[in-house]
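Welcome! Please take a look at the sequence and the model below, and then we can walk through a few parts together.

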Amino acid sequence: MITKYGYSTVAKVGAISLLLIVPALVLPLVLGAVCATAGLLLMVFTLQFFRDPERTPPKKERIILSPADGKIVRIEETEHPFFQGKAKMVSIFMSPLNVHVNRNPISGKVTHLKHIEGEYIAAFEHTSGERNERTEIGIENAEVKVFFKQIAGYVARRIVCELSLNDTVQIAERFGMIKFGSRVDIFMPPHVKLCIKHGDSVIAGETILAEY
């Protein structure tokens with residue numbers, strides 16, 4: 001399954017791939033093979049990048065799910081204005097090989113939504129969460145609230161977020177993506193019990209980051 005967020009890109013890449021593959025039929029053998037291979041690899045990479053597999057969230061209550069596929073690269077306690085004090089922060093690095101569709105970490109109401117222009121330093125740099133282009137999202141329900149950022153990276157230059165302020169959302173539902181690799185930072189209340197550790201691989205809509 002290909003995500004709807006990638007339809008236009010897949011169509012453009014498909015056209016470019018055909019421009020490489022079709023002439024290969026009449027070009028000299030070696031040159032034709034190079035062009036055809038380049039076209040096929042380009043298309044395979046694009047389809048792989050925009051894949052959007054179905055996910056089955058755990059049948060468990062009072063959990064916070066990962067909003068992104070990737071690897072846990074940072075866990076720390078910090079201060080955050082959304083919580084008016086302490087918070088637990090988890091950073092998820094998304095490589096170009098990961099699924100890039102993002103999902104809601106909890107059910108609730110969107111109470112904060114802001115897009116911020118910025119730089120495009122490498123997403124694995126700790127300062128990218130404050131310096132890079134990003135979309136900030138806050139979701140709250142009667143029991144818990146979370147704050148998270150879709151952060152553009154050195155390669156990723158396109159953030160997609162379909163959410164609107166005051167939307168009511170469901171846990172594990174798709175809401176957007178970051179195209180071509182980047183990072184998601186998620187902030188949670190200090191009392192939650194983390195269920196992951198540094199270096200873990202996580203899956204959006206399935207991996208439990210924390211319980212409350």
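## A pair of strands

In which sense do strand 3 and strand 11 pair, and over how many bridges? Strand 3 (residues 85–94) pairs with strand 11 in the antiparallel sense, over 7 bridges. Here strands are DSSP runs of E with at least two residues, numbered from the N terminus, and two strands pair if DSSP finds at least two bridges between them. Within this pairing, Asp185 in strand 11 is the bridge partner of Ser91.

This is a predicted model, where local features need pLDDT of at least 70, side-chain atom pairs count only at pLDDT 80 or more, and totals for chains, interfaces and linings use all residues. Residues are numbered from 1 along each chain as its sequence is written, and side-chain values use heavy atoms, leaving out hydrogens and water.

## Strand 11 under cover

Strand 11 (residues 182–188) has 7 of its 7 residues buried, meaning under 20% relative accessible area with a 1.4 Å probe, counting protein chains only. In a regular strand, side chains alternate between the two faces of the sheet. On one side of strand 11 are Ser182, Val184, Ile186 and Met188, and on the other Arg183, Asp185 and Phe187, all buried.

Conventions
Buried < 20%, exposed > 50% of the residue type's maximum accessible area, 1.4 Å probe, protein only. Helix = DSSP H or I, 4+ residues; strand = E, 2+ residues; numbered from the N terminus.
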